[in-house]
Amino acid sequence: MAALRRDSGSLPRMQYEAEIAQMIQGLLASAPFDTEMAAADLESWLERPKDPKMGDLAFPCFRLSKVLRKAPPQIATQLGEGITETMLSAAGLEKVVVAGPYLNFYVARAELAGATIPAILDGPFLARRDARGEKVMVEYSQPNTHKAFHVGHLRNASLGDSIARLLDWVGNEVVPVNYIGDEGTHVAKCLWHLRTQFQGEIPTTHRGEFLGEQYSTATELLSLDTLTRAPRPGVLVAEVVSCAPHAEEPKWHVAEVRLGGETVTVVAGVGGFAAGNRVAYAAPGQRIAGKEVGVVKRKGVLSTGMLLSEAELGISDDNETIAVLPADAAVGEEVAEVYRKDGALPADVKVLDEFRRRNAEVSAVLQAIESGSGEIWEQWKETKDWSMDEFKRIYRWIDSRFDHDFFESELGEESKALVREHLGTGVFKESEGAIGADLSEYGLGFCVLIKTDGTALYATRDLALARRKFDEFGVDRSLYVVDDAQTLHFQQVFKCLELMGYEQASKCQHLGYAQVVLPDGKMSSRKGNVILFSQLEERLLSKVREEFLDKYIGDWPQEEIDEAAHRIALATMRYGMLNQVNSSKIIFDLDEWSARSGNTGPYMMYAYARTRSILRQVGEVDSGSVDWALLDHELESDLIGFLADYPRNLERAAEQLLPQIVCTYAYELSKKFSRWYKECSVMHAETEALKATRLQLVDATGRVIQHALSLLGVATIERM
RNA sequence: GCGCCCGUAGCUCAGCUGGAUAGAGCGUUCGCCUCCGGAGCGAAAGGUCACAGGUUCGAAUCCUGUCGGGCGUACCA
């Protein structure tokens, strides 16, 4: 970002920073210090005092004390004594005050206002910076077709879009792209349900959401949980032949259990069972609670497989004892069958048979989709458009833009070929029937790329996609705006690229963020507590109309009211989604976001509308009488100083990929503005010159608020 | 088990590459419309910065450990 700072050298505040740094550098070079320091370092130590009364820029002397071996306040005093009137005025400074270990510089108000306000109104202050940056691709949104678009997706869309706008403003060439999940199991599940289970009529509107419902019902029907309380396929009922505490570790229990014919020895970590009991047994090779069951030697006893607790079976929270099953459970039977749910299936149909039958049907649908022709494939094409149409409508509503759409379905074959290409080079290898990269030496585990059945995965496609981004689009940097939960996925993908010899891997960056949760917990389609986009839109609009706009019915043109409703609703949503650091989760609370007061989108829009209202009402004044020296009120100084600081905030936000910084700035600016105009009337200013000068400040403030909001993806309105 | 993220006022959150007395909003209490829009402004009350060590002139911020909450951890995306 150093280039940016050089670039914006003509902007007000930067000038002072450089001047002060040089001044201090000069003082340090001569007696009594005689020390050479880099001006750039000194400049970077400058900070903005907490209290505007303490000046515009502060130089802390703490770090110098180490070099000079003097106490910070002493250094500050000596530096302060060295600063002369001429030095100050040459730098455009009014005064300097020694405050303990700090040197507080006061910028001459009239000059700062004169350098800042006209630059905002007619100059380069708000203009996009020169395009000296990189070509950066920002991938975001990534919705799945055949699934619902809900409020969780809106954090991603708001963040990605705002990041793209910020990076563009600081001078990068930004290519915003979408990556559509149009292929895969979720699509097959949806179509499976539509074809074999759905009875009703297909609606003519909101067909994207309709598909989402099909998918979510399908998920339920295809989940073992809905058929049994113990959804652990492959875990069988075993009879305990003998059981005794381990000789050295009495907490452990060594048991002989019988499954049909054979008998095995198992060491269990806990007890609570006895000979004659029926227990749940998982054979080696299975995965229970994320761990693979194996054959291990525990203090001299060879243990084959494991016995499960009720917690591991999923039937209770108890993990202190081994689950004891009903005495009539048949040995060798699946536990899923033992705990089958009443009424879920006809009595003569086995839980696992039905489960496997349904999933086999889904697999058949999946293969048909990927075959590239046929009736199911045609239906896939058609339904995919239903979702795409809905996405387009949503993006129009939230005002997000993409230069290109990637589709998962166009990357499958390409990605598999890419893996095969590198199979011989030793980067990838076969393991347990699958092909992938062993990244355990990097602490990233094993990354499967080709499944046992020969099909590709999400990570596989991301390899091909990353290459395309650089090779076909010629970008310098590639940003992935994706949920935090996928951090490991991207670490694996980027590491694979690196191992494949792809240098651009280092130019790939995952921008993670935490999830959106509801006040009463996590959103999940299974709990049925997701808020769909259409529901949000409806709730937002009706709330905004009721709170802000209904009183204008009959007074304003209807089109203006409708447009205002849309913009305020969008501001409410966008601001709520962005006014938080990326790493912490957002509690979705519509009531709080749309509150008529406080740190919300509508508040900022209101502040902007007020600037416009003042401009309209004061009307034309003689701008020739503008005199910046007249802006001498304390609140005016504060406001001007804050305006001058705007670009610096944007640079920080772009550097940290954090739009929240822009939110905070916009809020503080609006707050300062409200406080000021309450105190200093424009219309009733004592003189025409003061009125004209204040009017310029109002205009400039409005422009900056509007600009900040535009980077958040929010459009202002002229009155509200 | 291992890894990542989070833990700041009753609630929701800021706190810039360590720096001056830890800040907002909501809620609570109290003021302010003969004055450019009260959708606003001002004030008050409210904090052992999860806990314990350490580094430093200085720690909410950096390091180590502990405790809470969330997520991830080979054939889902």
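At 78% relative accessibility, Arg 69 counts as exposed; exposed means over 50% relative accessible area, buried under 20%, and partly exposed in between, with a 1.4 Å probe and protein chains only. This is a predicted model, where local features need pLDDT of at least 70, side-chain atom pairs count only at pLDDT 80 or more, and totals for chains, interfaces and linings use all residues. Residues are numbered from 1 along each chain as its sequence is written, chains are lettered from A and ligands numbered from 1 in the order in which they are written, and side-chain values use heavy atoms, leaving out hydrogens and water.

Arg 69 sits in the loop between helix H4 (62-68) and helix H5 (72-82). Helices (H or I, at least four residues) and strands (E, at least two) are DSSP runs, numbered from the N terminus. Most residues other than glycine have a negative phi. Arg 69 is not a glycine, yet its phi is positive, about 55°.

His 146 also has a positive phi, near 65°. Is His 146 buried or exposed? His 146 is buried, with a relative accessible area of 0%. Its place is the loop between strand E4 (135-139) and helix H8 (151-169).

## The whole chain

Chain A holds 25 helices and 24 strands. Its C-alpha atoms fill a box of roughly 100 × 75 × 50 Å along the principal axes. Of its 720 residues, 51% count as buried.

Contact means heavy atoms within 4.5 Å. Among contacts in chain A between residues at least 6 apart in sequence, 71% join residues at least 24 apart.

## Two residues and their contacts

Arg 468 lies in helix H16 (residues 458-473). Arg 468 is buried, at 16% relative accessible area. Leaving out residues up to four places away in sequence, Arg 468 touches Phe 406, Glu 410, Leu 411, Glu 414 and Phe 473.

Glu 239 belongs to strand E6 (residues 235-245). Its C-alpha atom is separated by 6.3 Å from that of Val 279, 40 residues apart along the chain. With residues up to four places away in sequence not counted, Glu 239 touches several residues, among them Glu 256, Arg 258 and Val 331.

## Helices H18 and H19

Helix H18 (residues 533-549) packs against helix H19 (residues 558-578). The angle is about 115°, and the axes are 9 Å apart. Axes are lines fitted to C-alpha atoms over the stretch in contact, and angles run from 0 to 180 degrees between N-to-C directions.

Residues of H18 that meet H19 include Leu 536, Val 544 and Phe 548. On the H19 side, Ile 561, Ala 565 and Met 573 are among those involved.
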